[in-house]
Amino acid sequence: IKALITLYNNFLIRIIAMEELEQETVSRDEDKVKYLSEKLPPLQITGLSMDELQKLCRQLNAKIDVVDEERYDFEAKVNKNNKDLKLKVQDLGGKFKKPALRKVRVSADEMMRALLGSKHKGSMDLRANLKSVKKEDIKQEKVGDWRKNVEAMSGMEGRKKMFDAAGGGQ
């Protein structure tokens, strides 16, 4: 019996909500018609001369400009509010997307000045305290003239001479 009562109550609540929704849409439509009738009086263009029509067009263009400015202002406000709302939601959620950091080259002196401010005096030469190390000479094979070793490397031995003699190396 309790289940039937709750089911019946839910059904009644849905019916009442549907009726209120219909009433709200009807009242919205009436308000819209009322607002448009106040803001947009019907145009009377029959029987107007060319000068009067041009004047009317100029007035309409001026009104369109005003409305476009208002629309732009409202869009800017909405976008700003959306950004603020997203930031608040991120703060509440605890998830924050970190911005990409730029690489900045800063010397040690500049870093110390930035951290310590006026307390930092003198320069820090980090290389002065480093231990000096002698480099050992690495034996490198001396690369000679490549033309001298062509025959030995190619395994062609006397063929190069034949090629040169035939006139191929001009």
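Which residue's side chain meets that of R71 in a salt bridge at 3.1 Å, N to O?

A: The partner is E75: its side chain and that of R71 meet in a salt bridge, 3.1 Å from N to O. Keep in mind that this is a predicted model.

Start with the spacing. E75 and R71 sit about one helical turn apart, because they are four residues apart in helix α2. How open is the pair? E75 has a relative accessibility of 40%, so it counts as partly exposed. R71 is also partly exposed, at 43%. Partly exposed covers the range from the 20% cut-off for buried to the 50% cut-off for exposed.

D68 forms a salt bridge with R71, and here the closest N and O atoms are 3.8 Å apart. The cut-off for such a contact is 4 Å. D68 and R71 are three residues apart in helix α2, so about one helical turn separates them. D68 has a relative accessibility of 35%, which means it counts as partly exposed.

Now put the two contacts together. E75 meets R71 in a salt bridge. Through shared partners, salt bridges join D68, R71 and E75 into one network. The general point is simple. Side chains of opposite charge can pair when their charged atoms come close.

D65, E69, E70 and D73 form a negative surface patch. Patch residues have over 30% relative accessible area and no salt bridge. E70 is one of the four. It lies in helix α2, which spans residues 50-93. Its relative accessible area is 43%, so E70 is partly exposed.

How many salt bridges does the whole structure hold? The search finds three. One of them joins R28 to E24, with the closest N and O atoms 2.6 Å apart. Both residues lie in helix α1, four residues apart, about one turn of the helix. R28 is exposed, because its relative accessible area is 52% and the cut-off for exposed is over 50%. E24 is partly exposed, at 40%.

V104, V106, M111, L115 and L116 form it, with about 470 Å² of accessible area together. L116 belongs to helix α3, residues 108-116. L116 counts as partly exposed, at 40% relative accessibility.

Now step back to the whole chain. It has five helices and zero strands. Along the sequence the pattern reads α-α-α-α-α. Of its 170 residues, 2% are buried. The chain exposes about 18,000 Å², and carbon and sulfur atoms supply 58% of that area.

Last, confidence. The average pLDDT of the chain is 79, and 69% of the residues score at least 70. Confidence is highest in helix α1 (residues 2-39), at a mean of 92. That helix holds the pair R28 and E24. Confidence is lowest in helix α4 (residues 150-154), at a mean of 58. Where pLDDT is low, the predicted coordinates should not be read in detail.

To return to the request: R71 is bridged to E75 and to D68, and the three residues form one network.

Methods:
Residues are numbered from 1 along each chain as its sequence is written. This is a predicted model: local features need pLDDT of at least 70, side-chain atom pairs count only at pLDDT 80 or more; totals for chains, interfaces and linings use all residues. Side-chain values use heavy atoms; hydrogens and water are left out. Helices (H or I, at least four residues) and strands (E, at least two) are DSSP runs, numbered from the N terminus. Buried means under 20% relative accessible area, exposed over 50%, partly exposed in between (1.4 Å probe, protein chains only). Accessible areas come from the Shrake-Rupley method with a 1.4 Å probe; for residues, only the protein chains shown count as cover. Patches are made of residues with over 30% relative accessible area and no salt bridge: like charges are joined within 9 Å, nonpolar side chains (Val, Leu, Ile, Met, Phe, Trp, Tyr) within 5 Å. Lys and Arg count as positive and Asp and Glu as negative; His and the chain ends are not counted. The place of a charge is taken as NZ of Lys, CZ of Arg, CG of Asp or CD of Glu. pLDDT is the predictor's confidence in each residue, from 0 to 100.
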